[in-house]
Amino acid sequence: MSELADKLKSIRAILFDKDGTLIDFERTWFAFSYSMAEKAAGGDEAKARHLMDIGGYDWEAKRFRGNSVIAAGTVEEMVALWHPYADMAAQAEIVAHYNRLSLEAGPRSAVAIDGLYETLEALHAQGFILGICTNDSEAGALKTAQVLGIDHFFAGFIGYDTAARPKPFADPLIYFAEKHGLELSQLAMVGDNSHDMEAAHAAQAGLSIGVLSGNAGADILEPLADIVLPSVADIPALFVS
């Protein structure tokens, strides 16, 4: 039996990144990100475009870069990048403000990856414990799942504010495994960025699955993942022997 087949047989739970993995990142987050950049730039369009650029938006390709701050980072990282001269107290206020706005706007504009509901339904029927592990907030993950009508498939929602440290650290995966009485070798991590794969390796998770539905290409994911698939819709077939 191959090494991948051995790993597949050990998996009892699957953690999914959210943006770019369960939802279409570009269609969900561009408008919100640009509106935040405009506010940070005080209405200066050229500065707003610059903030988007350093945050990770490629204006020529019209898409976010893989592993960029907007695509894979936390709200704290984005605020530190866009408001470098604000002191810690001011940055904390801006983070809270961004979180409030994203909790309202993100779920409302969320666009599911094709075949998402059917994929989660199949994995749930196969007996897997499912969770969301995102560098968005825990509340944002839950609200998005509720708006999309998929929250009942998940046993837990982990945001950057849930465990001690967010991805790419191991903490979110360890948190989920401990909460559900799992060995880390029984846990698969699915995501579209290197942060997801690095978190899986840091936790010594049983399986890392990269998907090409988000910001990072095969050149980034293949050296880090046990397997790379077009999207989460291809995952249920992996576990059919």
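Visitor: Are D19 and K18 buried or exposed?
Guide: D19 is buried, and K18 is buried as well. Please keep in mind that this is a predicted model.

Visitor: What do D19 and K18 form with each other?
Guide: D19 and K18 form a salt bridge, in which the closest N and O atoms are 2.9 Å apart. In general, side chains of opposite charge can pair when their charged atoms come close.

Visitor: How many salt bridges does a search of the whole structure find?
Guide: The search finds eight salt bridges. One of them joins the side chains of D226 and K7, with an N to O distance of 2.8 Å.

Visitor: Where do D226 and K7 lie?
Guide: K7 belongs to helix α1 (residues 3-10), whereas D226 is in the loop between α11 (218-221) and β8 (227-229), so the pair ties together parts that are 219 residues apart in sequence.

Visitor: And how accessible are D226 and K7?
Guide: D226 has a relative accessible area of 31% and is partly exposed. K7 also counts as partly exposed, at 22% relative accessibility.

Visitor: Which residues are linked with K7 in a network of salt bridges?
Guide: The network links E3, K7 and D226.

Visitor: What about D53, which residue does its side chain meet in a salt bridge?
Guide: The side chain of D53 meets that of R65, at 2.6 Å from N to O. D53 is in helix α3 (residues 45-55) and R65 in the loop between β3 (63-64) and α4 (69-72), so this pair ties together parts that are twelve residues apart in sequence. D53 is partly exposed, with a relative accessible area of 31%, and R65 is partly exposed at 32%.

Visitor: Turning to D17, where is its place?
Guide: D17 is in the loop between β1 (13-16) and α2 (25-40).

Visitor: Why does D17 count as buried?
Guide: D17 counts as buried because its relative accessibility is 6%, and buried means under 20%.

Visitor: Which side chains make polar contacts with that of D17?
Guide: The side chain of T21 is joined to that of D17 by a polar contact of 3.0 Å. The side chain of D17 also makes a polar contact of 2.9 Å with the side chain of K167.

Visitor: K167 again, then: what joins K167 and P168?
Guide: A cis peptide bond joins K167 and P168, with omega at about 15 degrees. P168 lies in the loop between β5 (156-158) and α9 (171-179).

Visitor: Which residues other than glycine have a positive phi, for example?
Guide: Two can be named here, K62 and N67. Phi of K62 is near 60 degrees, and phi of N67 is near 65 degrees.

Visitor: Where are K62 and N67 found?
Guide: K62 lies in the loop between β2 (57-58) and β3, while N67 is in the loop between β3 and α4. K62 is exposed, with a relative accessible area of 62%; N67 is partly exposed, at 25%.

Visitor: A change of topic. Which residues form a negative surface patch?
Guide: The patch is formed by E76, E77, E138 and D161. Among them, E76 lies in helix α5 (residues 75-82). E76 counts as partly exposed, because its relative accessibility is 35%.

Visitor: How far apart are the C-alpha atoms of F154 and G131?
Guide: The C-alpha atoms of F154 and G131 are separated by 5.0 Å, and the two residues are 23 residues apart along the chain. F154 is in the loop between α8 (138-148) and β5. F154 is buried, with a relative accessible area of 9%.

Visitor: And how far apart are N193 and A72 in sequence and in space?
Guide: N193 and A72 are 121 residues apart in sequence and 6.8 Å apart from C-alpha to C-alpha. N193 lies in the loop between β6 (187-191) and α10 (194-203), and counts as buried at 2% relative accessibility.

Note on methods:
Residues are numbered from 1 along each chain as its sequence is written. This is a predicted model: local features need pLDDT of at least 70, side-chain atom pairs count only at pLDDT 80 or more; totals for chains, interfaces and linings use all residues. Side-chain values use heavy atoms; hydrogens and water are left out. Patches are made of residues with over 30% relative accessible area and no salt bridge: like charges are joined within 9 Å, nonpolar side chains (Val, Leu, Ile, Met, Phe, Trp, Tyr) within 5 Å. Accessible areas come from the Shrake-Rupley method with a 1.4 Å probe; for residues, only the protein chains shown count as cover. A salt bridge is a side-chain nitrogen of Lys or Arg within 4 Å of a carboxyl oxygen of Asp or Glu. Lys and Arg count as positive and Asp and Glu as negative; His and the chain ends are not counted. The place of a charge is taken as NZ of Lys, CZ of Arg, CG of Asp or CD of Glu. Helices (H or I, at least four residues) and strands (E, at least two) are DSSP runs, numbered from the N terminus. Buried means under 20% relative accessible area, exposed over 50%, partly exposed in between (1.4 Å probe, protein chains only). A polar contact is a pair of N or O atoms within 3.5 Å; within protein, one must be able to donate a hydrogen and the other to accept it, and residues adjacent in sequence count only if both atoms are side-chain atoms.
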